[in-house]
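Keep the model open as you read.

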Amino acid sequence: MVVVGGGTAGCVLASRLSETRARSVCLVEGGPDYGPYAESGWPADLLDARQLAFSHAWETDREDRSQLRARVLGGCSAHNACVVLEGTPADYDEWGTGWTFDELRPHLERARQLLRTRIFGDDELSPWHRAFVEACGEDAIVHSVNAVGTVRWNASFAYLDPARNRPNLTILGQTLVDRVIPNSGRVVTADGEIEAGLVVLSAGAYGTPGVLLRSGVGPGLELDLPVGEGLTDHVGVGFGWEPCPTAVEELDRFAERRPVFMAQVTVRAGGGDLFLFPAVDPGWEISAAVFAMKPFSRGRVRLGSRDPGDPLRIEHGFLSDERDVSSLVEGVETLRAVVASPALRGYAAREVRPGPEVPAAVHVRAGARGFFHPVSTCAIGRVVDRGGRVLGLDDLYVADASIMPTIPRANTNLTTAAVAERIAELLVEQGRR
C-alpha cells in the first residue's frame, strides 16, 4: 500500500495502516523528512510554535500567500499556528451517514490526544490576547494547541515517531509523485515507479487534485469526475494597529517571564459564522483578522502543466458570492468596535492597516485572503464515495481535507487528522492492503 503525501493526513494513515504487520506501507512525501524529533535534526523555525514558519512551502504560480502549504513531512502541521479546534456538531452532521459528529467524535478525540493538545492557561495569555478575552467574554475561545512547551508538535512527531521502527513501514522523503496509473496499483514518481497494490492519496486539497488530474481523473478526462472543483477556504481580511506605550511595556514585561505566542485566542461573532483572530508578532506588531467561517464562494484547482514540478493553478474564488462580502463587512465593523472598547483602548493607539478612513467594504474587496484551510476539491459524493474510494475505481482512495463535503467552522488541522483516522479505520475493517 502506498500513501501519497506526508502531511497531517498522510502521517495518520501511515501510522494507523502499518499497525497491522502483515500490511506493507510506503509513505511518499515530496519534501524532506528530518527524522524523529529525538534526533534533533529539525530546523528551528519548524519547531518554534510561537510563530508561523513558511520556509518549506510549495512553489506557487504567483505571489499569493493564501496558497502556501508546507513541503515537508508533517505538512502544514509543521508550519501552522498550532490551533486545535473542532467544528460544531452541525458542521459534521451535514456530511451525512458515516461522517456525523457522533461518528467522528472518537477520531477527533484520538487525534487531539496524540497531538499532545493542551489549552493555554490564563497566565500564559499575552496582554493583547487577554484584552480580547476581557472584551468578548464567553465569545472568546482560548486556544487548544499542539505545542509542547514552545515546540510545534507536528503530525510526524505525533504519529510517525512511534512507528518508524516498524519493518513494514517505509518513508520516502524528497520524492515527487507525478501520477497514479488507475487499476494497476502503480505510482509514478520523478524517480521511477512504485508497485502499490492500493493507493491512498493524502496530498491535501491542492496536491491531491493535482495527482488525480495528471492521472486522467478529472473534468473531461478519461474518468470524468469534478476533481478540483468546489474549492473552499475561510476567507478573511486583516488589520494592524500601532501599539500604545502601555501595550509595549506590558508585552516587554510579559516576555521576560513567558513565551509570546502569535495566536492564542479566537472570538466567535456573527452567530459563530465569523471568527476574529488577534495576533502579536515580534517587535510587538499587533494585528487581528476577520474570517467568514461558512463562506459561500467557491474556487477550483487546475494544472498549470503536466509537469508535477510546476505550480498548480489555484483559483480561490474569494468573494465570488456577494454574501461573503456582506458577512465580512459585518465582521469588520464588529472587530473595530471590539478594539475601540474599554478593554482594548489602552493597547491599540491607531489603526495603521488599512487605516480608519478606509470603509469596511472597500477593505474587504481589496484585501480578501484565505485562512490556509482549503477543503472540498475531491468531495464525498462527487469524487469519492463515503469510504474515500474514488468513484469508478477500486484501487484508489483519498483521505485528506479534499474529501470534506463542506468546510467546518474551525481551523481544519484537527478535522483533517480525524478524517484520516476514519478512512484508516475503514480500510482496516475492509482488510484492504
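The face of helix α8 turned away from its buried side carries P245, E256 and R257, which are exposed (over 50% relative accessible area with a 1.4 Å probe, protein chains only; buried means under 20%, and partly exposed lies in between). Buried in α8 are A247, L251 and F254. They cover an arc of only 65° around the axis, so they sit on the same side of α8; the arc is taken from the directions from the helix axis to the C-beta atoms. Among the elements covering these buried residues are α5 (127-136), β14 (235-243) and β16 (274-281), with contact meaning heavy atoms within 4.5 Å.

A quick word on the model: it is predicted, with local features needing pLDDT of at least 70 and side-chain atom pairs pLDDT 80 or more, while totals for chains, interfaces and linings use all residues. Residues are numbered from 1 along each chain as its sequence is written, and side-chain values use heavy atoms, leaving out hydrogens and water. Helices (H or I, at least four residues) and strands (E, at least two) are DSSP runs numbered from the N terminus.

Now turn to α1 (residues 8-17) and α11 (residues 413-430), which pack at an angle of about 30° with their axes 8 Å apart. The two helices are therefore roughly parallel to each other, a label for angles under 35 degrees. From α1, residues including V12, L13 and L17 take part in meeting a set in α11 that includes A417, A420 and A424.

Finally, find H363 in helix α10 (residues 360-367). H363 is buried, with a relative accessible area of 10%, and its contacts include V237, F239 and P354, not counting residues up to four places away in sequence.

Definitions and conventions. Axes are lines fitted to C-alpha atoms, for helices over the stretch in contact, and angles run from 0 to 180 degrees between N-to-C directions. Angles under 35 degrees count as roughly parallel, over 145 as roughly antiparallel, 65 to 115 as roughly perpendicular and the rest as oblique.
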